[in-house]
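Have the sequence and the model open as you read.

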Amino acid sequence: MEEMLSVKDLEVSYGAINAIRGVSFHVDQGEIVTLIGANGAGKTTTLHAISHLLNPKAGEITFCGKPIQHMEAHQIVKLGLAQVPEGRRVFASLTVQQNLELGAFTRTDGNDAIAADYEMVFARLPRLKERRRQVAGTLSGGEQQMLAIGRALMCKPKMLLLDEPSMGLSPLLVQEIFNIIRDINKSGVTVLLVEQNAKMALEVANRAYVLETGSIAMSGDAHELANDPKVRTAYLGT
Amino acid sequence: MQFISYLINGISLGSVYAIIALGYTMVYGIAKMLNFAHGDVIMVGGYMVFIFMVNLGLPAIVSIVLAMAVCTVLGIVIETVAYRPLRGAPSLAVLITAIGVSYLLQNLALLIWGSTPKSFTSVVNMEPLRLAGGQLVITGESIVTIGVCIVVMVGLSLFINRTRMGRAMLAVSEDKGAAQLMGVNVNGTIMLTFAIGSALAAVAGALLCSSYPMLLPTTGSMPGIKAFVAAVFGGIGSVPGAMLGGILLGIIETLSKAYISTQLSDAIVFSVLIIVLLVKPTGILGKKISEKV
């Protein structure tokens with residue numbers, strides 16, 4: 001399988017604090033890979049470095065064979081690498097429709113193609129269709145998460161980075177969100193999933209990496225990791 | 001009749017404040033910084049119109065367009081050289097830099113054009129409008145200023161709400177990081193905002209100097225500060241707020257000059273600001289922050 005995203009020896013620091021110390025991993029085309037770990041392990045920092053919302057200190061990041069660690073955030077989106085950020089970060093004062101339009105900001109393939117993708121997003125996330133004229137700030141947490149995912153899909157990504165999509169949602173909604181992620185992956189979008197909900201993440205993923213205080217502690221097949229005694233006690237609570 | 005005449009003068013002065021306040025409020029909304037050099041861009045705009053129109057004898061409208069072009073470039077240069085390196089720096093550092101740029105522009109103007117006031121020729125060549133049998137006289141400057149203000153307001157609202165770049169501006173003003181994740185070029189958007197604000201400052205400079213025809217290196221500083229007050233008054237970051245704040249401020253200033261005291265008019269203007277902020281700290285149309293997480 002072809003390698004889609006590769007991160008080599010990534011280092012990120014906040015002033016004197018080294019948040020990420022030499023993290024390496026890769027995601028192949030068509031995979032769902034999850035990055036699990038406790039609070040403060042550096043999961044979000046890793047995703048921010050990939051999307052260049054912050055500047056990595058060292059390391060190499062390539063996407064579809066292209067080095068991207070020196071590209072600006074908006075250029076990376078254009079390559080087809082989209083991120084659904086932690087805490088959804090929808091544009092609260094804009095409507096659902098306007099949020100989706102912003103998702104399609106980089107598109108140059110014409111209005112017809114974009115219109116078709118609205119229908120694709122609405123078909124996948126029917127609740128957004130009912131609410132398309134509603135201001136995003138008034139949506140429920142689950143709906144905002146769906147909007148954040150739909151918005152990211154509007155740029156026609158090859159790969160989606162998802163940061164804690166289950167955060168603050170009821171178990172039923174978490175299940176729904178994970179089903180959506182699985183569907184999106186089936187339609188050909190590669191997924192890198194960052195989660196604290198290790199149980200759900202390992203269920204949906206092909207492979208997994210465990211991040212502990214800024215470095216990779218374990219990696220491997222998601223099902224094998226889910227049965228690993230160390231992972232079970234530390235992250236699954238069983 | 002006297003009152004209506006004062007009121008129209010107030011709206012006209014307020015229209016100038018409003019156009020300047022738009023520059024303040026847009027830059028604040030997008031870059032989250034107070035660009036105190038904005039008032040001095042007005043002054044540069046005034047001198048540019050003076051040079052093109054009086055020294056070079058170009059038609060008024062051509063002079064204004066050229067002055068807008070010069071100020072646009074100036075705004076972009078200020079943003080790129082002085083403010084961009086400080087993106088992510090503490091806001092106090094940015095604020096001090098802005099004050100520094102303001103003094104730099106004033107002193108450069110002093111070096112180039114000297115401290116002798118230049119008497120500005122009005123860019124408006126229009127007969128005053130006489131109404132009610134000659135009792136109510138509205139100057140051409142007032143009519144043009146108010147007209148320009150309306151055009152600017154409508155044009156800017158359409159730009160922000162109907163165009164791709166305008167939508168990008170809204171996104172950046174709400175969440176810079178999320179806007180970047182949509183593929184919006186944040187630096188480009190901030191630069192565009194400075195360009196628009198500075199072009200409007202040139203227009204404001206031409207209109208201001210047409211109504212108050214004395215041009216000095218410090219011409220822009222007081223109207224700049226008052227327009228900043230107007231932007232806060234209306235709710236900083238809000239485009240309609242800047243318009244409303246500017247016009248109200250102009251009316252308050254003119255009426256207090258007419259009925260209370262010429263000397264105290266500025267004191268009254270700033271007192272009104274203090275009272276408004278005590279009652280409604282976000283300004284008249286300030287955004288209420290209600291977000292569901």
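## Helix packing and the chain interface

Helix α3 (residues 60–83) of chain B packs against helix α4 (residues 91–113) of chain B at an angle of about 135°, with the axes 11 Å apart. The two helices, α3(B) and α4(B), are therefore oblique to each other. Their crossing is right-handed. From α3(B) the contact takes B:L74, B:I78, B:A82 and B:Y83; from α4(B) it takes B:T97, B:A98, B:V101 and B:L105. By class these residues are 7 nonpolar, 1 polar and no charged.

The model is predicted: local features need pLDDT of at least 70, side-chain atom pairs count only at pLDDT 80 or more, and totals for chains, interfaces and linings use all residues. Residues are numbered from 1 along each chain as its sequence is written, chains are lettered from A and ligands numbered from 1 in the order written, and side-chain values use heavy atoms, leaving out hydrogens and water.

Some terms come next. Helices (H or I, at least four residues) are DSSP runs, as are strands (E, at least two), numbered from the N terminus. Axes are lines fitted to C-alpha atoms, for helices over the stretch in contact, and angles run from 0 to 180 degrees between N-to-C directions. Angles under 35 degrees are roughly parallel, over 145 roughly antiparallel, 65 to 115 roughly perpendicular, and the rest oblique. A crossing is right-handed if the near helix is turned clockwise from the far one by less than a right angle, left-handed if anticlockwise. Contact means heavy atoms within 4.5 Å. Ala, Val, Leu, Ile, Met, Phe, Trp, Tyr, Cys and Pro count as nonpolar, Asp, Glu, Lys and Arg as charged, and the others, Gly among them, as polar.

Two further helix pairs involve α6(B), helix residues 164–174. The table gives their geometry.

| Helix pair | Axes come within | Crossing angle |
|---|---|---|
| α5(B) (residues 140–162) and α6(B) | 5 Å | roughly 80° |
| α3(A) and α6(B) | 11 Å | roughly 105° |

α3(A) is therefore roughly perpendicular to α6(B). A:Q98, A:E101 and A:L102 of α3(A) meet B:R167, B:A168 and B:A171 of α6(B). This contact has 3 nonpolar, 1 polar and 2 charged residues.

Now the interface as a whole. Here 25 residues of chain A contact 20 residues of chain B. The chains bury about 2,100 Å² between them, 60% of it on carbon and sulfur atoms. Buried area is the accessible area (1.4 Å probe) that two parts lose on being put together, summed over both. A:H74, A:F91 and A:F105 supply 31% of the area that chain A buries against chain B, more than any other three residues.

Which residue forms a salt bridge with A:E101? B:R167 does, with the closest N and O atoms 2.6 Å apart. B:R167 lies in α6 of chain B and A:E101 in α3 (residues 96–103) of chain A, so the pair joins two chains. A salt bridge is a side-chain nitrogen of Lys or Arg within 4 Å of a carboxyl oxygen of Asp or Glu. Between chain A and chain B the count is 2 salt bridges.
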